[in-house]
Amino acid sequence: MLAQRLEDERDQTVYYIALNTAGGRSASKTNKAVALGVVQGYQLQTKQAVTQVRSQLEEVGGSFPAQTRQEATTALSELSALGELRDAATNTRLPALDVSRKYTGLIDDLLVLEDATGQGASDATLAQSVR
């Protein structure tokens, strides 16, 4: 669910950036404000999913292989940096392609972690919980 939330947030953020760049100069301030409100709504939904996933990732411990624990640590770090990405995406001139790539990198890392978690845990209940 988090990956989907991030994909939706990424798409809306890139749309918002497009309204504020050369291709979107004809967009009115009202349209830009509405688009920012939509982005913020998606951010709120993503934040709720991040909170849930973060607590689950913190449960990844000794019953998981070292690689899975490392991927969980990386995901936690990337999730902690999500606020900075959001700020840069909406308050600077960071290009839409860069924003899209950063979101996509996080999404890809989460999907790899999900696969590794499902395959690597000796505790089936914990593995299912993390998935």
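Me: Which residues of helix 4 are buried?

Reply: A word on the source: this is a predicted model, where local features need pLDDT of at least 70, side-chain atom pairs count only at pLDDT 80 or more, and totals for chains, interfaces and linings use all residues. Residues are numbered from 1 along each chain as its sequence is written, and side-chain values use heavy atoms, without hydrogens and water. Buried means under 20% relative accessible area, exposed over 50%, and partly exposed in between (1.4 Å probe, protein chains only). In helix 4 (residues 82-91), the buried ones are Leu-82, Leu-85, Arg-86, Ala-89 and Thr-90. They sit on the same side of helix 4 because their arc around the axis is only 115 degrees. Glu-84 and Asn-91, on the other side of helix 4, are exposed.

Me: How do helix 1 and helix 2 run relative to each other?

Reply: Compare their N-to-C directions: angles run from 0 to 180 degrees, and over 145 counts as roughly antiparallel. The axes of helix 1 (residues 2-19) and helix 2 (residues 29-57) cross at roughly 160 degrees and come within 9 Å, so the pair is roughly antiparallel.

Me: At what angle do helix 2 and helix 3 cross?

Reply: Roughly 150 degrees for helix 2 and helix 3 (residues 66-80), with axes that come within 10 Å. These two are therefore roughly antiparallel as well.

Technical notes
Helices (H or I, at least four residues) and strands (E, at least two) are DSSP runs, numbered from the N terminus. Angles under 35 degrees count as roughly parallel, over 145 as roughly antiparallel, 65 to 115 as roughly perpendicular and the rest as oblique. The arc is that of the directions from the helix axis to the C-beta atoms.
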